[in-house]
Amino acid sequence: MADRNVRARMLVTRNVSGTPGPESKLTLWWLGDRFHVRDEAGRAFHDVATDVVAPRGLGFIPRTIEDLMNVRLPLKGRMDCFGALGVAEGTITEPWGEKWKARTDRISPVAGQLFPAGLESVRPSGHERFLNRDCVEYTTHREGTDGGRQYRSKVRLLVAGPYVLLREVTDEGGPMRLRAEVTALDEGVVTEADVKA
Amino acid sequence: MFWVAGVQIDPGDLNLNGATTPRVRDAPIRAYDTWVEATAHAANTTDYIGNLPGPSSTGTWVRFHDAHMNVLGEDHTEVTFRQMRTAVNMGASFIFERFASDVMPPGSQLLAAYDVENAVELVHFGINAAPNRHLYGSESIYPKIGFGLVLMTEYLNGNNPVAHLCQAAGYTGQPVQRYLKIAWGLARDIADQVNALNLAGNPVPPLEAAVALVVANHTATLNPYITGLVVDAWLGDTLTLPANVARGPELLALANAMIPLLCARGLAQEPGLAGQAHGNFAQRLAFFGLWRDLNFAQSVAAANVRNIRYAGMGALHLQYLQANAGMPANSHGYDMRSVGAHLIGFENATALLRLNAH
């Protein structure tokens, strides 16, 4: 990881309530073990992280009328989180200006979504061109129980070299889905200033 | 076990009394600022500190502001406002987004439907028989009814499959059904009012007349269907049954009559909605969302004036208030989601105390 130097711009789109949810645009910087993630859609760190770590892989799923209304609130502001692998804590600045510290293992999955993990024993399911790169497709599933019901999410990844360029999660029981795609990938452009909190 | 000003208390401490002594060697982690606070908590007279009861983050020691309004942001699937209320013994000094801030007419079918749909929560919070129950609410029910009906139309007009309102497809069908049932109560009230106007020979406003016409045309089929829907079930699970296929167009007619009426009422009640477009699906969602926010801001501000100690809401709503200078004066926001700043802070502090306990 010491030679990591990459900036990725990502677009995250979701449909978890029958209508398209708000889009989220992320920028990820990696320089060696240090990283920085920025969201400019007004989303709190929790929501950005939930897109990655929620068990179903679908991010936050509205369940009440209040949730359904809340996900359409016109949010604003910028979230930045900084961290470094091997360092205990990182720093988060929420869109409303609050700054706080969290364990790195809480933050790093957000930045780490750019890199494949746990695919060693997964056989490729296809090949595809994406972002002008040759990609290997992997298809896995997440299964569990949510609200007393079994769920099964299909996870489709397009991997080009060390990078995950597309993560597409689809609920096999219904229309819910999350799509996180890299829209620009630039190697060798990250400087100290980009990853300094 | 407990700490006072960062020092773990041992059995021989001279400050211990009958209430605090049993807590020296029990399991929960408690961190007090002073002995006065420790004694008050043991006597159950505090309303800002305590251990989360679980099932999420069980045992975490939380501390909210001891005098000002605390605005708590929850995720309904994690640490809930219910659990936080239990943890800190907040009693009846709260408002909650689930409850309506409107004074619904006694004896109305709107109120009856609302009570049926919220019975469990009203009992849990101990306000099912409370006078002035609207004072526990933080949001008007009318924009929620409108929002639910607008969402429903997307499934009834063919833009989305009705099957996507089934439980197997997600969660949308559950709140849509809840607010359809409440909307039907309101529609029947409006029909009764229109009948009374007609009997008295008075003019009937056209939007009310349109709702009354739908109710008159479809009561025989819609009333048994809607009032028979099981609380907390999913609309799609019954609407997709062959016997109920004919209800789809009837429900769409109901929504198409109710939505313009609710928009008109919103414009009449909330000056802040003036000029807000409400002609298409997206505009209507935004319209009802804005109506809700305007009303919400008023409810929270009024609660703050009444010195209410807690306001519970979805964490996204808290975030919206924080980002838009919408927090009441002197209030304190807490993001209590699993990856939220405050819950993580409470969890880390609790874990550290447990790690260093002797």
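**The nonpolar core and its surroundings**

Modeller: Leaving aside residues up to four places away in sequence, B:Val211 touches B:Ala187, B:Ile190, B:Ala191, B:Ala257, B:Met258 and B:Leu261. Everything said here concerns a predicted model, and the values are computed from it. B:Val211 belongs to the largest nonpolar core, which has 154 residues, and the members that touch the most others are A:Leu28, B:Ala183, B:Ala187, B:Val211 and B:Met258. In soluble globular proteins, nonpolar side chains tend to be buried together. The element that gives the most to this core is H5(B), with 11 residues.

Helix H5 (residues 173–199) of chain B packs against helix H4 (residues 141–156) of chain B at an angle of about 115°, and the two axes lie 8 Å apart. The crossing of H4(B) and H5(B) is left-handed. On the side of H4(B), the contact is made by B:Ile141, B:Lys144, B:Ile145, B:Gly148, B:Leu149, B:Leu151 and B:Met152, while H5(B) brings B:Pro175, B:Val176, B:Tyr179, B:Leu180, B:Ile182, B:Ala183 and B:Leu186. Sorted by class, this contact of H4(B) with H5(B) has 12 nonpolar residues, one polar and one charged.

A:Leu28 stands opposite A:Val37 in S3(A). Strand S2 (residues 24–31) and strand S3 (residues 34–39) of chain A pair in the antiparallel sense over six bridges. Both strands take part in an open sheet of 11 strands with antiparallel pairing, whose order in chain A is S6-S5-S4-S3-S2-S1-S11-S10-S9-S8-S7. S6 and S7 of chain A are its edge strands, each pairing on one side only, and neighbouring strands of the sheet are turned against each other by 20° on average, with direction ignored.

The two chains are themselves in contact, with 38 residues of chain A meeting 35 residues of chain B. Helix H1 (45–53), helix H2 (65–70) and strand S6 (99–103) of chain A are the elements that give two or more residues to the side of chain A that touches chain B. Of these, H2(A) gives the most, with six residues. By class, this side of chain A has 18 nonpolar, 11 polar and nine charged residues. Most residues other than glycine have a negative phi, and most peptide bonds are trans. A:Asn132, which is not a glycine, has a positive phi near 60°, and it is found in the loop between strand S7 (126–130) and strand S8 (133–146) of chain A. A:Asn132 counts as exposed because it has 7 C-beta neighbours inside 10 Å. In chain B, B:Asp232 likewise has a positive phi, of about 70°, and lies in the loop between helix H6 (206–227) and helix H7 (235–239). B:Asp232 is exposed, with 11 other C-beta atoms within 10 Å. Finally, a cis peptide bond with omega of about 10° joins B:Gly54 and B:Pro55, and B:Pro55 has its place in the loop between strand S4 (49–51) and strand S5 (61–63) of chain B.

Terms used:
Residues numbered from 1 in each chain as written. Chains lettered and ligands numbered in written order. Predicted model: local features only at pLDDT ≥ 70, side-chain atom pairs only at ≥ 80, totals over all residues. Contact = placed C-beta atoms within 7 Å. Helix = DSSP H or I, 4+ residues; strand = E, 2+ residues; numbered from the N terminus. Nonpolar A, V, L, I, M, F, W, Y, C, P; charged D, E, K, R; others polar. Buried ≥ 20, exposed ≤ 12 C-beta atoms within 10 Å, placed from the backbone. Pairing = 2+ DSSP bridges. Axes fitted to C-alpha atoms, helices over the stretch in contact; angles between N-to-C directions. Left-handed = near helix turned anticlockwise from the far one by under 90°. Core = buried A, V, L, I, M, F, W, Y, C linked by C-beta atoms within 7 Å.
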